[in-house]
Every structure is written in structure tokens, then in C-alpha cells.
Amino acid sequence: MVVGDHVTLAGGTPAVIRPIEAGDKARLAKAFSLLSDETRNRRFLAPKPRLTPRELRYFTEVDGCDHVALVAVHAEQPKWILAVGRFVRDPEHPDTAEFAIVVGDAYQRRGLGRALSERLVAEARERGIRRFTAWMQSDNVAVQRLIRSISEHLTYVPQGGGARQVIVDLAA
Ligand SMILES: CC(C)(COP(=O)(O)OP(=O)(O)OC[C@H]1O[C@@H](n2cnc3c(N)ncnc32)[C@H](O)[C@@H]1OP(=O)(O)O)[C@@H](O)C(=O)NCCC(=O)NCCS
């Protein structure tokens, strides 16, 4: 039995959303290895063949206050990480945090991105965060629709190179 928030994806897959743990490194590396090149590109805005040991430490050893990360795991196969989302507080603007999310290709378009984002927004508000920023490719319709479902108060800032940043007002 996995402890966390239970959600059922469209199509019936049962999942549990829980905080990431230091012990998730191998599971995260495995999940990353299963992502398509396109999904990795959309998450990191650059080709990203693998996560380095240092990145695995950074992504899994979070303090739960300035860096909060949640995973969605399969409820019946808890070693399978289906999605990861996080926010990292901006040290110069402590009411602002950078948001990033990725859902495994096989689990996209089934409501998991939204479920994970809603939980992240709740966690952020509890920690005094009033604004999310996120980087994305300008043609990333999926994340733009996802973010619009978090808040209608959005500002897009073109960044060149086919990228844009969005500023999401969580307080409105
Ligand atoms: C963006 C992403 C996290 C969305 O996760 P998801 O689980 O597929 O999203 P959901 O099923 O919860 O759907 C959320 C919204 O996005 C829309 N959406 C999802 N995938 C879509 C696609 N490929 N094309 C168009 N809309 C899409 C859904 O229709 C829904 O919008 P609606 O409520 O207006 O209909 C996922 O596509 C992903 O991991 N992409 C690669 C990584 C990435 O782009 N990260 C963002 C940069 S930080």
C-alpha cells in the first residue's frame, strides 16, 4: 500500500501522488530512460539523454520548503514513477517559484499532469508562494493548456529561440 493521494487516470490506471524521496534515484533514472526524446526536450528545452548522478541528487534530495517535488507512482507497481512535478523558490523573490513537470509518454493526456499540478499549487500556497514561473517551448500546447487550468492570470514573456516564460499568479 503506497501512502499518498490516490488518483485514477483516464482509462483506469490507479496512481498515488507522494513527495519525492532520496531513495527514488534509481526509479527516477529508470522513468527518465523511458521518456521519448520529444518529452525530454519539452521538459528541459534541450536534448537530454540522461540524468547525471549530480542531477539525480538535486532532483531527489529536496528540502520540502524551498524545493518541493512530488512523484506519481503506479498504485500497484510503486516502483514505476509515472510523473514528476516540482517547484523551486527564487531566493531573491521568496514568493515566487519555478515550476516544472513531466508526465511519462504512456500516461499523458489522462489527467495526471493536472492532478499533480493542483497538488503542487496547494503545497506552494501553504509555503507562501504566490507566483509560479515556468519555461516552455512556444509551441508546447499541452503545458499551456495545463497552466491555464491552474490560473487564468498569466503573463507570457518571449525568450527567443522558440522559448517563452510564463508567470502564473496563484494568489488571484
Ligand atoms: C505538459 C504535460 C505535463 C501535461 O500532462 P498531461 O498529464 O498530459 O496533462 P493532462 O492530461 O492533465 O491535461 C491537461 C491539459 O492539457 C491538455 N493537453 C495535454 N496534452 C496535450 C496535447 N498533446 N495537445 C494538446 N493539449 C494537451 C489537456 O487536454 C488538458 O487541457 P484541457 O483541460 O483544456 O482539455 C505533459 O504533456 C508532458 O509531460 N509534456 C512533456 C514535458 C513538458 O512539456 N513539461 C512542461 C515544461 S516544464
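A pocket is an open set of grid points where a 1.4 Å probe fits, with protein on both sides within 12 Å along at least five of seven lines, and a molecule sits in a pocket if more than half of its atoms lie within 2 Å of the grid points of that pocket. In this predicted model, the space taken by the ligand is the largest pocket.

The account may begin with the ligand itself. Around the ligand there are 21 residues, of which V103, R109, G113, R114 and N140 come nearest. At I101, a polar backbone atom is 2.8 Å from a nitrogen atom of the ligand. At R110, a polar atom of the backbone is 3.1 Å from an oxygen atom of the ligand. At N140, by contrast, the side chain provides the polar atom, which lies 2.7 Å from a ligand oxygen atom. The ligand taken alone exposes 910 Å², and the protein buries 82% of that area.

The shell around the ligand draws on several elements. At least two residues each are supplied by α2 (37–44), β5 (93–103), α4 (112–126) and α5 (141–150). With five residues, α5 gives the most to this shell. By class, the shell consists of ten nonpolar, five polar and six charged residues.

The largest pocket contains about 1000 Å³. Its lining comprises 35 residues, and those closest to the centre of the pocket are I101, N140, A142, V143 and L146. Elements that give two or more residues to the lining are α2, α3 (53–60), β4 (81–90), β5, α4, β6 (131–137) and α5. The lining divides into 18 nonpolar, seven polar and ten charged residues.

A further pocket remains to be described. The second largest pocket has a volume of about 390 Å³. It is lined by 25 residues, and L28, A31, F32, L35 and I81 are the closest to its centre. Here α1 (25–33), α2, β4 and β5 each supply at least two residues of the lining. Of the lining residues in the second largest pocket, 18 are nonpolar, one is polar and six are charged.

Notes
Residues numbered from 1 in each chain as written. Predicted model: local features only at pLDDT ≥ 70, side-chain atom pairs only at ≥ 80, totals over all residues. Heavy atoms only, no water. Near = heavy atom within 4 Å. Polar contact = N/O pair within 3.5 Å; in protein donor to acceptor, adjacent residues only side chain to side chain. Areas by Shrake-Rupley, 256 points an atom, 1.4 Å probe, with all protein chains shown as cover. 1 Å grid on protein atoms, 1.4 Å probe; cavity = no way out; pocket = protein on both sides within 12 Å on 5 of 7 lines; lining within 4 Å. Helix = DSSP H or I, 4+ residues; strand = E, 2+ residues; numbered from the N terminus. Nonpolar A, V, L, I, M, F, W, Y, C, P; charged D, E, K, R; others polar. Points joined across faces, edges and corners; volume = space filled by probe spheres on them.
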